[in-house]
Amino acid sequence: MRFDIATLFPEMCEAVVNSSIIGRGIRAGKLEVHCHQIRDYTTDKHRRTDLRLHGGGMGMLMMCQPIYDCWRAVSQQLGQKPYVIYLSPQGKVLTQAHARELKEKKNLFLLCGHYEGVDQRVLDEIVDEEVSIGDYVLTGGELGALVLVDCIGRMVEGVLPSEECFTEESHWNGLLEYPQYTHPVEWNGRRIPDILLTGDHGRIAQWRHEMSLKNTLLKRPDLLEKADLSQKDRWLIARMKADLAAERQAADGHGETDGSES
Ligand code: ADE
């Protein structure tokens, strides 16, 4: 899979993509990431990429021409138009499911805005979709582009040692992951759950699934509304809720007794 990042800060993007797992994926030939300096496409003798807003307003806006020429050069190199994503706080907020869909594209062109944003006309001309990495505003699209490369790139075949590395983790099936433990069996007075020492893979898998449901119920109950749950899962969740309510009631009861005694 190939990513092209159009940015005013290619060094920042190169440093990140060439590190760690994505860097290894690039060196192994599983991924290609090209970072393009938009300024190299200016026709202006001062190499300007931004100008004041028409109609008044604060700040500077990135101009159409250098961005368009950068996109055209990449399209020519590829021999086809890449799928274009503009990183923006106005975009659809990224989810694992959306990243999985984007992994099916062969070429992604990630456009990073800066300053007050980008002239609307070039967005209308080349952008297929806008993506946000959360409901907050960043100084530019670079961090968003890097999040996309990381999140999509790690799912490309051969980048991680096996598919299990990402199909077994938080968000893949709409749930959070179960807690995980390594050696030693006891650390600082804390023991790992006994079930993990039994070697019974069936029971361990069932325990992990229940812990995944419980983690999601405790930390992100909103995810349960959209998750694909079986009848048994729903029953387990109802039981967990009842247990939690009973625990809370017991704790409140103790609290009242302590309070009345003091
Ligand atoms: N650029 C500025 N804010 C952003 C956000 N939240 N997501 C993606 N790109 C952005």
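How many helices and strands are there in the protein? There are 10 helices and nine strands, helices (H or I) being DSSP runs of at least four residues and strands (E) runs of at least two, numbered from the N terminus.

The model is predicted: local features need pLDDT of at least 70, side-chain atom pairs count only at pLDDT 80 or more, and totals for chains, interfaces and linings use all residues. Residues are numbered from 1 along each chain as its sequence is written, and side-chain values use heavy atoms, with hydrogens and water left out.

**View 1. Residues around the ligand.** The shell, counted as residues with a heavy atom within 4 Å of the ligand, includes L87, S88 and P89 as well as V131, S132 and I133. Strands β5 (83-93) and β7 (129-132) each supply at least two shell residues, and β5 gives the most, with three.

**View 2. Backbone atoms and ligand nitrogen.** A backbone N or O atom of I133 lies 3.0 Å from a nitrogen atom of the ligand. For S88 the corresponding distance is 3.3 Å, and for G140 it is 3.5 Å. The protein covers 96% of the 260 Å² of accessible area that the ligand has on its own (Shrake-Rupley method, 1.4 Å probe).

View 3. Seven residues of the shell around the ligand are nonpolar, four are polar and none is charged. Here Ala, Val, Leu, Ile, Met, Phe, Trp, Tyr, Cys and Pro count as nonpolar, Asp, Glu, Lys and Arg as charged, and the others, Gly among them, as polar.

Notes: A polar contact is a pair of N or O atoms within 3.5 Å; within protein, one must be able to donate a hydrogen and the other to accept it, and residues adjacent in sequence count only if both atoms are side-chain atoms.
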